[in-house]
Amino acid sequence: MSIAHRAAVETIATAFLLAAIVGSGIMGERLAGGNVGIALLANSLATGGALIALIIAAGPHSGAHMNPAVTLLAAIHGDLAWGDVPGYVLAQILGAALGVMAAHAMFGMPVLELSQTIRSGPALIFSEYVATLGLLLVVTGIARGKSQAAAYAVAGYIVAAYWFTSSTSFANPAV
């Protein structure tokens with residue numbers, strides 16, 4: 001498969017992932033009546049479900065990285081040519097932006113909007129380091145064993161990381 005085809009799949013998969021993450025976050029907040037725990041539960045479960053479906057669907061076409069950190073790991077392990085890394089990363093960043101804009105449009109929000117949530121400080125930076133490191137460990141374990149359960153392992157880890165990290169586990173530099 002050409003790099004253009006694989007990058008297009010990465011763009012689309014990343015867009016749908018971010019639409020699911022942001023859209024379920026918006027819907028969770030709207031339906032939870034101020035209960036942030038219920039909103040986070042809805043958001044994490046929707047994200048996990050989307051990850052399973054997207055990894056299964058996009059995996060055979062692009063590897064379903066949807067994340068620059070996973071792309072770099074694939075290149076380090078020799079599963080992706082280094083020359084393909086820039087195309088994948090640009091596709092993921094574009095897909096992330098398109099997915100967020102789509103979620104905003106679906107919920108009648110301004111398509112381009114600055115976040116009102118401050119995400120800075122040592123604790124959140126460390127939280128993202130832990131979330132991303134854990135994701136890469138899961139991906140590495142799957143890659144080495146060529147497990148058919150990759151979609152479920154990655155989704156399960158991300159759902160859990162929403163709850164055990166103070167940042168709610170973006171674990172994705174494209175976001």
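Student: Let's start with Tyr157: does it count as buried or exposed?
Tutor: This is a predicted model, so keep that in mind throughout. The general idea is that a residue is called buried when its relative accessible area is under 20%. Tyr157 comes in at 13%, so it counts as buried.

Student: Which residue does Tyr157 pair with, and what kind of aromatic pair is it?
Tutor: For ring pairs, look at the distance between centres and then at the angle between planes; over 60 degrees is edge-to-face. Tyr157 and Phe164 are edge-to-face, with 6.0 Å centre to centre and 70° between the planes. Phe164 is partly exposed, at 46% relative accessibility.

Student: How many aromatic pairs are there by this rule?
Tutor: The count is two. The other one to look at is Phe126 with Tyr129: a stacked pair, 6.2 Å centre to centre with 25° between the planes. Both residues sit in helix H5, three residues apart, which is about one turn of the helix.

Student: Are Phe126 and Tyr129 buried or exposed?
Tutor: The cut-off for exposed is over 50%. Phe126 has a relative accessible area of 54%, so it is exposed. Tyr129 also counts as exposed, at 51%.

Student: Now the fold. How many helices and strands does the protein chain have?
Tutor: Six helices and zero strands. Along the sequence that reads α-α-α-α-α-α. On overall size, the idea is to hold the radius of gyration against what the globule rule gives for that number of residues. Here the radius is 16 Å, close to the 16 Å from the rule for 175 residues, so the chain is as compact as a globular protein of that length. Along the principal axes, the C-alpha atoms fill a box of roughly 45 × 30 × 30 Å.

Student: What share of the residues counts as buried, and what share of the contacts is between residues 24 or more positions apart?
Tutor: Of the 175 residues, 47% count as buried. As for contacts with a separation of 6 or more, 70% of them come from residues 24 or more positions apart.

Student: How many residues are in the largest nonpolar core, and which have the most contacts inside it?
Tutor: It has 37 residues, and those with the most contacts inside are Leu17, Leu51, Ile55, Met66, Leu135 and Ile158. Helices H1, H2, H3, H4, H5 and H6 each supply at least two of its residues. Take Leu17: setting aside neighbours within four places in sequence, it is in contact with Leu51, Leu54 and Met66. There is also a second, separate core of six residues, including Ala75, Leu80, Tyr88 and Val89.

Student: Where is Met66, and what is its phi?
Tutor: Met66 is in the loop between H2 and H3. Its phi is near 55°, a positive value in a residue other than glycine. With a relative accessible area of 2%, Met66 is buried. Ala64 lies in the loop between H2 and H3 too. Ala64 has a positive phi of about 55°, and at 8% Ala64 is buried.

Student: What does the side chain of Ser167 make a polar contact with?
Tutor: The side chain of Ser127, at 2.9 Å. Ser167 lies in the segment after H6, and at 3% relative accessibility it counts as buried. Beyond its neighbours within four places in sequence, Ser167 is in contact with Arg119, Leu124, Ser127 and Glu128.

Notes
Residues numbered from 1 in each chain as written. Predicted model: local features only at pLDDT ≥ 70, side-chain atom pairs only at ≥ 80, totals over all residues. Heavy atoms only, no water. Core = buried A, V, L, I, M, F, W, Y, C linked by side-chain atoms within 4.5 Å. Buried < 20%, exposed > 50% of the residue type's maximum accessible area, 1.4 Å probe, protein only. Helix = DSSP H or I, 4+ residues; strand = E, 2+ residues; numbered from the N terminus. Contact = heavy atoms within 4.5 Å. Phe/Tyr/Trp six-rings, centres within 6.5 Å; stacked < 30°, edge-to-face > 60°. Polar contact = N/O pair within 3.5 Å; in protein donor to acceptor, adjacent residues only side chain to side chain. Rg over C-alpha atoms; globule rule 2.2 N^0.38 Å.
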